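Hi,

Here is the structure I promised to hand over. Have a look at it first, and then read on for my notes.

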Amino acid sequence: MEEQAIVTAPVLPKYNLNEEQEKKEILRHYRALLRALRPKLKKGDKELVRHAFEMAADAHKTMRRKSGEPYIIHPIAVAMICVEEIGLGIRSTICALLHDTVEDTDLSLEDVEREFGHEIARIVDGLTKISNVIDTNTSQQAENFKKILLTLTDDPRVILIKLADRLHNMRTLDSMKREKQLKISSETVWVYAPLAHRMGLYNVKTELEDLSMKYMEPETYKEIARKLAETKRERTRYINEFIRPIKDKLESGDLDFEIYGRPKSIHSIWNKIKKKGVAFEEVYDLFAIRIILNSPHSREKEDCWKVYSIITDEYTPSPERLRDWLSNPKSNGYEALHTTVMGPQGKWVEVQIRSKRMNEIAEKGLAAHYKYKEGSSDEDRFDKWFGQIREVLNNQDTDSVDFLQDFKMSFLAEEIYVYTPKGDVKMLPIGSTALDFAFSIHSAVGTKCIGAKINHKLVPISHKLRSGDQVEIITSNKQKPSDDWLNFVVTAKAKNKIKDALKEVKRTIAEEGKYILQRKLEGMGAAFVQTNVDTLVAFYKFHSQLDFYYQVAIKALDLKELKEFNVLGDKLEPPKPPKPQVHELAVEPVPHYSKKDSELIIFGESSDKIMYNLAKCCNPIPGDDVFGFVSTGKGLIIHRTNCPNAPSLLSNYGHRVVKTKWAKNKAISFLTGLKIIGMDDVGVVNKITNVISGDLRVNISAMTIESHDGLFEGTIKVFVHDKEELEELVIRLKQLKGIHLVDRFDAEKV
Ligand code: MN
């Protein structure tokens, strides 16, 4: 009854086949794939799959895998996993067949797009970009992982196909060098297995973990596998003894069911041995009893509880080990009822009860989940999860290694569910505190949180939450975030928001330091100019100007050394001769400002350097001709020289105008708007968005299209890096058929 738990590497055929035999072998794999796809094939699909197969086979024709087999066997196998083990369809099959072509062969993304269209090209592109997670450099690896996640939220199929790719590579890892085996295996347990878990692919996750362990801990792996095999007969006898009485009762209870014992994975048994510090013989739950019910959707929950009732009539349950994922499914979609009961001979046995539908979701995860989603009014947990990931990805400016840690904690960890005072459920990663909960409600609640009531009892903000807790947050307007908060929050959202808030506080304090420094410098006859500040930042070994000002402000830095600095090094520049007269400035247009002007301000390099704001009246972007205007209270405001307000500002307040110049910076983007008018035509929106986000990879912030009488008028808000990028965008849009006018307008005025 019990299945064999040992993962055996497939026996690779010896590749001493001749060309003819090899061709037959490839076709045999391909036909098996088609057979698996048959129930899903619609008219024309077969030809598409065949086309993808032929294209991939041709592109890879000179390549071989390490095992010696023709390379094309790999993409076919990956496609097979997608279909059979993950439940994906035709389009994913095509992507899987092509997944290594753009990366490794002469085929280009354009070829794929031309033959299979935009959707498939996008997925293949995603798979190409994340093909290089392996890197010796951790930060590089983390950076790559971030990319995976970005693509993931783009289209989840990318990550599902990637998991299939990884699974096949793990299954065929034998032919790799030892060093490579270790690297790939550790990456697999670290990133891919948790991802598979998070996507609800339990079987894939388990196999990835077991395969990794096989390479990383070969001795232990073999030993546990051997012991499992040795004790198999004894275990089967016990399982049968356990099942016998309940099977009879279930049958008389008019239930259509399957019941069997299922061994736990070697990796999970090993975890238990390590965690509990016990020997193999003392691990009691080497298997679980699984009951799969064939119940109609409307009755499945009721039937699960009926089974629960029958089992606990026979065996005593352990009350604290009841897991009800029927009422509260896990956020990866998992639904089931788990209980642990005292079986024969006083042994604890875990029993998992679920319907056929739930079982399919447990095995095939996301894809199966979407299949059942239609018609359900439940808020979709996956969409919610993707939404949260997107939010964190957009928000964070931490370095990627930190980010990865945060991410693993926030999104890949097991979850608890807690309740708001009104009874709404919130999912949080295990280890979350009251403060994490506060931030999950709103960042304003988080930053003002001074404590919480858990099940009506007052606790500190660092209190760790447990499943089922009801949490009420207590806030105070006097509260301010502090550094130590970072030590006890685990969610990425809370971390980012706290960091942002701390930075804001620091900025305000740093302003004070800036003035202290300015007075000091001027007092000793040096100029308060960027070059001098840079010299000092370097001298005191600070990472940023902000840190420097901040340390000056909180008096952690003694500026006495400054004097010596000047005497010894004489490196600080004296002030430049006084500026030209005010009225001269007023009449001279900004672009013709004297090049020698000492007030050359470079901004855009780092937002820490100079605080500035972009004028709302003209929304400048880098590349525009601009000037800075020192406003009262709001600091430096940047206007375009052709801003409607410019003439008045320049002529009346010339003394408050500073010359400004853009620094090259591709990391910051600016919101601007485009107005488009053209002929209304099917697919016009698609064409426009393809140019913007597809070809030029510009982010769209908002878009409205209105059409009447055969014409359409659209406004699009986009994030661009500079004027050049915007101009290219305009040119490209104008080239589209049927477009009459493309013009810039200022986004915030819409
Ligand atoms: Mn591959």
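Below is what turned up, going from the metal site to the cores, a hairpin and some salt bridges.

Some ground rules: residues are numbered from 1 along each chain as its sequence is written, and side-chain values use heavy atoms, with hydrogens and water left out. This is a predicted model, so local features need pLDDT of at least 70 and side-chain atom pairs count only at pLDDT 80 or more, while totals for chains, interfaces and linings use all residues.

Let's start with the manganese ion. Its protein donors are His74 (NE2), His99 (NE2), Asp100 (OD) and Asp165 (OD), at 2.2 to 2.4 Å. Donors here are N, O and S atoms within 2.8 Å of the metal (3.2 Å for Na, K and Ca); water is not among the atoms, so sites may look incomplete. Along the sequence, the donor residues follow the spacing H-x24-H-D-x64-D. His99 counts as buried because its relative accessibility is 2%, and Asp100 is buried too, at 9%. (Buried means under 20% relative accessible area, exposed over 50%, and partly exposed in between, with a 1.4 Å probe and protein chains only.)

Helices (H or I, at least four residues) and strands (E, at least two) are DSSP runs, numbered from the N terminus. Thr101 is buried, with a relative accessible area of 0%. Its side chain reaches the backbone oxygen of Leu98 at 2.7 Å, which is a polar contact (a pair of N or O atoms within 3.5 Å; within protein, one must be able to donate a hydrogen and the other to accept it, and residues adjacent in sequence count only if both atoms are side-chain atoms). Leaving aside neighbours within four places in sequence, Thr101 is in contact (heavy atoms within 4.5 Å) with Ala56, Ala59, His60 and Leu107.

Leu98 shows up again in the largest nonpolar core. That core has 57 residues, and Leu98, Ile161 and Leu208 touch the most other members. Helix 9 (residues 156-171) gives the most to this core, with 8 residues. A nonpolar core is a set of buried Ala, Val, Leu, Ile, Met, Phe, Trp, Tyr and Cys residues joined through side-chain atoms within 4.5 Å. Not counting residues up to four places away in sequence, Leu98 touches Ala52, Met55, Ala56, Val112, Phe116 and Val124. There is also a second, separate core of 26 residues, including Leu255 and Phe287.

Further on, strand 7 (residues 415-419) and strand 8 (residues 425-429) run antiparallel, joined by 5 bridges; two strands pair if DSSP finds at least two bridges between them. Val418 stands opposite Lys426 in strand 8. The hairpin has 5 residues between the strands, and Gly423 takes a positive phi near 95°.

Last, the salt bridges (a side-chain nitrogen of Lys or Arg within 4 Å of a carboxyl oxygen of Asp or Glu). The whole structure has 24 of them. Glu85 and Arg171 meet at 2.8 Å, N to O, and this pair links distant parts of the chain, 86 residues apart. Glu85 is partly exposed at 28%, whereas Arg171 is buried at 19%. Arg171 also bridges to Glu207, with the closest N and O atoms 2.6 Å apart. Glu207 lies in helix 11 (residues 202-216) and Arg171 in helix 9, so the pair ties together parts that are 36 residues apart in sequence. Salt bridges that share partners join Glu85, Arg171 and Glu207 into one network.

Cheers
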